[in-house]
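Before reading on, open the sequence and the model side by side.

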Amino acid sequence: MAPGFDFSNWWLKETKKRTPVVVKMENPNYSVVEIDGPDAAFQPAEKSRGKNAKQVTWVLLLKAHRAVGCVVWIASFFWALLGIIKKRLIFREDVAMASEKMGKGKLLFTVIKLFLITSLTILGFELVAYINGWHYFKNPGLRIPRNSDVQGLLHLVYFTWLSVRAHYIAPVIQALSKFCVALFLIQSADRMMLCLGCFWIKYKKIKPRIEGDPFESDDVERSADLYPLVLVQIPMCNEREVYEQSISAVCQLDWPKDRLLIQVLDDSDDESIRCLIKEEVAKWSQKAVNIVYRHRLIRTGYKAGNLKSAMSCEYVQAYEFVAIFDADFQPNPDFLKQTVPHFKDNPELGLVQARWSFVNKDENLLTRLQNINLCFHFEVEQQVNGVFLNFFGFNGTAGVWRIKALEESGGWLERTTVEDMDIAVRAHLNGWKFIFLNDVKVLCEVPELYEAYRKQQHRWHSGPMHLFRLCLPAIITSKIAIWKKANLILLFFLLRKLILPFYSFTLFCIMLPLTMFVPEAELPVWVICYVPVFMSFLNILPAPKSFPFIVPYLLFENTMSVTKFNAMVSGLFQLGSSYEWVVTKKAGRSSESDLLDSAERESKTMNQLQIQRGASESELAELNRLKEQKEAGPLPVKKVNKIYRKELTLAFLLLTASVRSLLAAQGVHFYFLLFQGVTFLLVGLDLIGEQMS
């Protein structure tokens, strides 16, 4: 919308300093007189009282202070902008792109730079038009000139651009925007239904319950036989930071030792890490824990191949259930007693899934935002689907499977990077039911670095689309009910895995910024403000302590839609990155129980040192030498949470576009065009700097 001011009027006011009047008389005795202004006698008497010099001085000082502050702010802004240009293009600092990655995304960088140049060109025309007062089409007081009246090449080009924009560009944007808004409303309705289902579960206090004590028996000798044989698997790959605490937590599970077998499935390609894991397994084996170490020479199929190889062992056939924990998960000692009893007297039950709880959710802003998403996923999506549909996507860890359900569903397959969702869909097609336990929580970590989180999200969003292509024929030809097929195809895959990243990226990352330059295709306020904020409130309800982060969460989700959309397209069309697995980096955060164990170990060490006081000097010297060697090991590298300018700039871009749409009626379009130009300039400098490096 046009601004509420006119620069041409300012210039006209400066030139009209006096009013010339020419008077001609018929009598030749009179001469021509030029009057500069009205006569003093006709001027109205000044009613305001006079101001003293002190008041005038204070007013002038205040105006001077404001002017100086404005000049200093503008100078500091341009100085910071020049610093960024110098840093990115001249010194090439903060650039960490490897040479082998230069070829990747070259086409994408070219497209972004072309879009940047086009946007800056359009912005230049907009600014010139506003400065020269060409925005006549928004001012009813101005005469709309004919083509013959248009003078100047720039004015002609701008007039042509307005015509093309209104007749060709705006209709396309409006049509695509309406389509995306319809998808947005459908997805919002689905979220609303899930939230209503969660409220109903809370109101009715619906949750899976265990009737009585399944392990209680009058016969003491037979009580041990009531515990079924359980296999626990810990798949890992180069998990130096977390292997010890995970193995320690699993080995302390409260279950009869002769009814439990722990498999440490190590796919590490680092010899030093393999040695450390072997030592940890040997330590617990000496404590009468039934634990074995397995290592594959050829790592095929990633995690699915690792689990498939472990299930092929002959001794596994004797076990009835298998519990799976990733390397950073730390189950409580009573985990098996809270999950395995649900299988009793329920032969159709194939999976019991527990909830995740995070030891580092308050580490930084990134972990807080992830906690919001995951809390909604478990509290709402998993719980509602488990109660009303007896089906949900297996989370790959912190769950117990009936081994018979795995075997009848085809076992672990290596065809996708989401082997957990793959086995869950196939088990559902075979008639097995699932239970989600929202009250049983297993401690784990969320990625603390953005790079690790981005790669994790790429795998989580490309894998489902790849899986959808593979299992769609099996879903259509399966013998389950039609409404279950519709739920799998329309809701589980299309709406929540494909439509969500598509409309989020298209509507909020493309359509909304384009309205900055095509005001004829304005989005409604309820689309860009009211509905997203309301849905964000619903997402934050399971994590009420995160309410102060609602604005960063809203922008973060929109900017992450770029990564999710890219992953979705990669999986849907089976591009090269659709079958790429990168192990998520962990920080090795410890839980409270780990800290208590550490304190106990320190106290035992102090007691041992007190006992060793009576040892000989040679023995003490040997102990000191071993201690020094242990302390001289490699120091832990401090991890720095990088700031990714493109994501932050995109967030600022969406924020300015939203605010501009809300305040367009106030006549501030000009200022936001200026902010938009600076934003595009910063994005371009960052991309060009990375490309030149």
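The paragraphs below follow a few loop residues in this predicted model.

Start with serine 268, which lies in the loop that runs between strand E4 (260–266) and helix H7 (271–285). Its relative accessibility is 1%, and because buried means under 20%, serine 268 counts as buried. Two polar contacts of its side chain can be traced. One joins it to the side chain of aspartate 266, at 2.5 Å. The other goes to the backbone nitrogen of asparagine 238, at 2.8 Å.

The surroundings of serine 268 can be listed next.

Now turn to asparagine 238, whose backbone nitrogen is reached by the serine 268 side chain. Asparagine 238 sits in the loop between strand E3 (230–236) and helix H6 (243–251). Its phi is near 55°, a positive value in a residue other than glycine. Is asparagine 238 buried, exposed or partly exposed? At 27% relative accessibility, asparagine 238 counts as partly exposed, since that class covers values between 20% and 50%.

A positive phi is also found at alanine 398, where the angle is near 60° in a residue other than glycine. Alanine 398 belongs to the loop between helix H10 (365–388) and strand E8 (399–402). With a relative accessibility of 0%, alanine 398 counts as buried.

Note on methods: Residues are numbered from 1 along each chain as its sequence is written. This is a predicted model: local features need pLDDT of at least 70, side-chain atom pairs count only at pLDDT 80 or more; totals for chains, interfaces and linings use all residues. Side-chain values use heavy atoms; hydrogens and water are left out. Helices (H or I, at least four residues) and strands (E, at least two) are DSSP runs, numbered from the N terminus. Buried means under 20% relative accessible area, exposed over 50%, partly exposed in between (1.4 Å probe, protein chains only). A polar contact is a pair of N or O atoms within 3.5 Å; within protein, one must be able to donate a hydrogen and the other to accept it, and residues adjacent in sequence count only if both atoms are side-chain atoms.
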